[in-house]
Amino acid sequence: MEPDYWQPDPGETLLARTPVTFATGAAMRVRGKRWFRDTERNDIQGELSELAGWPEGPVHRVRSSGGALGLNVLKGGAITVGVVIMAALSSAGGNVGGGVRGSGSGTTRDRADEVEDFPVMWAAPGTIARTLPWQLDPGRCKQKHYRTHAILTDRRLLIVGLPFAEKHRKIVKDEVLWETPRSTIGTVERRDFKDGDDMKVVFTDGSWCRLTSLWRERLTLYAIDHPDLVPLESLTPAQRSTAEAFAAAQAPDAGPPLITRNLCGCHRVAALAPSSADGFFGISDRSIVIDADGTEVDVLHWEDFSPESQEELRRLHHRPPSGVRSPE
């Protein structure tokens, strides 16, 4: 009997699975709102209902607040440091439980689409973004009883839907709602305004969507930071032995080890098992970081932080914080 949770095809590599929905505005004029637009910035909710079968959804209007911002600013330097470090842990390696929050920003870099307006779909007729499922919209599909997850593989991006009950979140019965080949995805961009949980997926036909996930870094790790995996065969014998031993200790249905190279030269080795899917968390990968000798290490390297994170940590600490190895 086939399990109810989604599984990759033979030869397909599962990279990430995390809950996602369409994003929600944070600035005062658009707080709690979202819109679906064509390339002339017209509202297309009616077209989606008529042509794509979307159920009726809430009608939002921009607040006339003089453009004032409602900023979700992280409170306290210690919290900011923790967020920056945990985000680096997620991308550099190490087990961080169910995932980490993004590194939020109180400053918008896209005023037109984050302050004056907040489109979560930007799509001309017949484009890919218009094919996305309505279940992604929290205004149409209540998260208390139904969840949508994004699944990323080396071949495609999928959206699956599943009934959800907090007390039974380990029971995962997936329905594939939508999928597209990786070749149709032009770019995936982090959008850090508000909590740092959003991402913009731009398709090759110019349409795009803005999604949000509490565990965004699971997707961006392989879609942005490390789009190509390091072949197991390219490791040294010692590194390969450690990676294979780690993979062998995981769940029986875990795929081959996912290996990426950090900027410091160490390698991150992760493993994902489809059977570990959770209705709330998605799949939390298990990972280790190994050095050139194949030895597992548990310290972050300064060069693995993005320039933005380095600047923020310097501002708060005037030096790399404890637990981060300074550059030589």
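This is a predicted model: local features need pLDDT of at least 70, side-chain atom pairs count only at pLDDT 80 or more; totals for chains, interfaces and linings use all residues.

Reader: What is the pLDDT of the chain on average?

Author: The average is 86. A score of at least 70 is reached by 79% of the residues.

Reader: How many helices and strands are there?

Author: The chain has six helices and 16 strands. It has 328 residues, and 50% of them count as buried. The accessible surface is about 15,400 Å². Carbon and sulfur atoms hold 52% of that surface.

Reader: Why is Thr220 called buried?

Author: Buried means under 20% relative accessible area. Thr220 has 0%, so Thr220 is buried. Thr220 is found in helix H4. Leaving aside neighbours within four places in sequence, Thr220 is in contact with Arg190, Met199 and Asp225.

Reader: What makes helix H4 "mostly covered"?

Author: Count its residues. H4 runs over residues 216-225, and seven of its 10 residues are buried. Among them are Arg216, Glu217 and Tyr222.

Reader: Why is Ala165 called partly exposed?

Author: Partly exposed lies between the two cut-offs, 20% and 50%. Ala165 has a relative accessible area of 32%, so Ala165 is partly exposed. Ala165 lies in the loop between S6 and strand S7. Its C-alpha atom is 9.5 Å from that of Arg147, a residue 18 places away along the chain.

Reader: How do you know that S11 and S12 pair?

Author: Count the bridges. Pairing needs at least two bridges between the strands. S11 (residues 258-261) and S12 (residues 267-271) have four bridges, so they pair, and the sense is antiparallel. The hairpin has five residues between the strands. In that hairpin Gly265 takes a positive phi near 105°.

Reader: How do you know that Cys266 is in no disulfide?

Author: Check the distance. A disulfide needs two cysteine sulfur atoms within 2.5 Å. The nearest cysteine sulfur to that of Cys266 belongs to Cys264, 3.7 Å away, so Cys266 is in no disulfide. A search of the whole structure finds zero disulfides.

Reader: Is Cys266 buried or exposed, and why?

Author: Cys266 is buried, because its relative accessible area is 7%, under the 20% cut-off. Cys141 is buried too, because its relative accessible area is 7%.

Reader: Which residues touch the most other members of the largest nonpolar core?

Author: They are Phe22, Phe36, Met121, Leu132 and Phe203. The core has 53 residues. Strand S6 (residues 156-163) gives the largest share, five residues. A second, separate core has 11 residues, including Ala243, Phe246, Ala254 and Ala273.

Reader: Why would nonpolar side chains be found together?

Author: In soluble globular proteins, nonpolar side chains tend to be buried together.

Reader: What does Phe203 touch?

Author: Not counting residues up to four places away in sequence, Phe203 touches Ile128, Ala129, Trp178, Thr180, Thr184, Ile185, Gly186, Trp208 and Cys209.

Reader: How many contacts join residues at least 24 apart?

Author: Among contacts between residues at least 6 apart in sequence, the share is 64%.

Note on methods:
Residues are numbered from 1 along each chain as its sequence is written. Side-chain values use heavy atoms; hydrogens and water are left out. Helices (H or I, at least four residues) and strands (E, at least two) are DSSP runs, numbered from the N terminus. A nonpolar core is a set of buried Ala, Val, Leu, Ile, Met, Phe, Trp, Tyr and Cys residues joined through side-chain atoms within 4.5 Å. Buried means under 20% relative accessible area, exposed over 50%, partly exposed in between (1.4 Å probe, protein chains only). Contact means heavy atoms within 4.5 Å. pLDDT is the predictor's confidence in each residue, from 0 to 100. Accessible areas come from the Shrake-Rupley method with a 1.4 Å probe; for residues, only the protein chains shown count as cover.
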